[in-house]
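Me: I am new to reading protein models, and I would like to go through one slowly. Could you take me through its features, giving the general idea and then the case here?

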Amino acid sequence: MKIKTNLLGTIAALLLFSCGSTNTDMDKSKNKQPKKASDIRWDFKNLEGWKDATQSGAINYSIENEQLKIFTNANSWDRSKIKTLTTYTTGTYTWRIFVPEMGVGDMATIGAFLYNSNSHELDFEIGYGKQTIRKALNAAPDELVVHMSSQDNPSQSHKAKIKRGQWHTFSMELSLNTHKNYQVNWKINDELAATSQLEYGNKKKFAILCSLENLTFIGDHIPSTRNYALFDYVSYQVK
């Protein structure tokens, strides 16, 4: 009887030790830090992760040869665009875009931009440009105008020139300063083109957009041609 009692005591001790180990492992698992969000790249084999954001006109975009093609019609005020389903904060946002010749004087702009609200928007807008702006920039016939803008808080606009009929890479780098507000660096083909200090921080999250819109600020007359743009990829690199 004494042997049986000792054996039962040993088994009970082993069971208690096993349960204690399991609980400890579970506690360790609960305390694990969440993984850092992954970098993302959309290669436009499809439109997974995106939704329509067109404001005027028909759905003027499609996937062709694993590229997003967006267009606007002549003599229209089409505003064709798509945006991500998810919003993001600090990091590097990149668009690789084929920028065609665009109609001379057309009020048509290729957009690569970040949007939270009308007061919290950061843009690349690429088009022929008003003649007054082209003259101020000394733009050559084979060049287009790039507007890099913060729509508000504060409202700022920077301008540059690029060659038309070519692929270009456009990036925005968002980081936080010591006051926890965004600083944005605009880059064109990996070269710094402009910098702005914003008056808000990462409580404002952004959707990523690709667009082609017929808007008055970018040219001198309603588009007389059907303009288009090709987006090869869009990426977001976590800061």
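Me: How much space lies in the largest pocket?

Reply: A pocket is found on a 1 Å grid over the protein atoms alone, as an open set of points where a 1.4 Å probe fits, with protein on both sides within 12 Å along at least five of seven lines. Points are joined across faces, edges and corners, and the volume is the space filled by probe spheres set on them. Here the largest pocket holds about 190 Å³. Its lining, meaning residues with an atom within 4 Å of a point, has 13 residues, and the closest to its centre are Q55, K81, F113, Y115 and E121. Please keep in mind that this is a predicted model, in which local features need pLDDT of at least 70 and side-chain atom pairs count only at pLDDT 80 or more, while totals for chains, interfaces and linings use all residues. Residues are numbered from 1 along each chain as its sequence is written, and side-chain values use heavy atoms, with hydrogens and water left out.

Me: Which elements give two or more residues to that lining?

Reply: Helices (H or I, at least four residues) and strands (E, at least two) are DSSP runs numbered from the N terminus, and this protein has two helices and 15 strands. Strands 5, 7, 8 and 14 each give two or more residues to the lining, and strand 5 gives the most, with three.

Me: What joins strand 6 to strand 11?

Reply: Two strands pair if DSSP finds at least two bridges between them. Strand 6 (residues 91–99) and strand 11 (residues 166–176) run antiparallel and are joined by nine bridges, with G91 of strand 6 partnered by L174. Strand 11 is also joined to strand 12 (residues 182–188), again antiparallel, by seven bridges, and there L174 stands opposite V184.

Me: Where does K180 lie, and is it buried or exposed?

Reply: Buried means under 20% relative accessible area, exposed over 50%, and partly exposed in between, using a 1.4 Å probe and protein chains only. K180 lies in the loop between strand 11 and strand 12, a hairpin with five residues between the strands, and K180 counts as exposed because its relative accessible area is 59%. Although K180 is not a glycine, it has a positive phi of about 65°.

Me: Which residues have the most contacts inside the largest nonpolar core?

Reply: In soluble globular proteins, nonpolar side chains tend to be buried together. A nonpolar core is a set of buried Ala, Val, Leu, Ile, Met, Phe, Trp, Tyr and Cys residues joined through side-chain atoms within 4.5 Å. The largest one here has 45 residues, and those with the most contacts inside it are W95, L122, F124, I208, C210 and F231; strand 15 (residues 227–238) gives the most to this core, with five residues. If contact means heavy atoms within 4.5 Å, then L122, leaving aside its neighbours within four places in sequence, is in contact with residues including F113, L174 and V184.

Me: Why does R164 count as buried?

Reply: R164 counts as buried because its relative accessible area is 18%. R164 lies in the loop between strand 10 and strand 11, and its C-alpha is 5.6 Å from that of P100, although the two are 64 residues apart in sequence.
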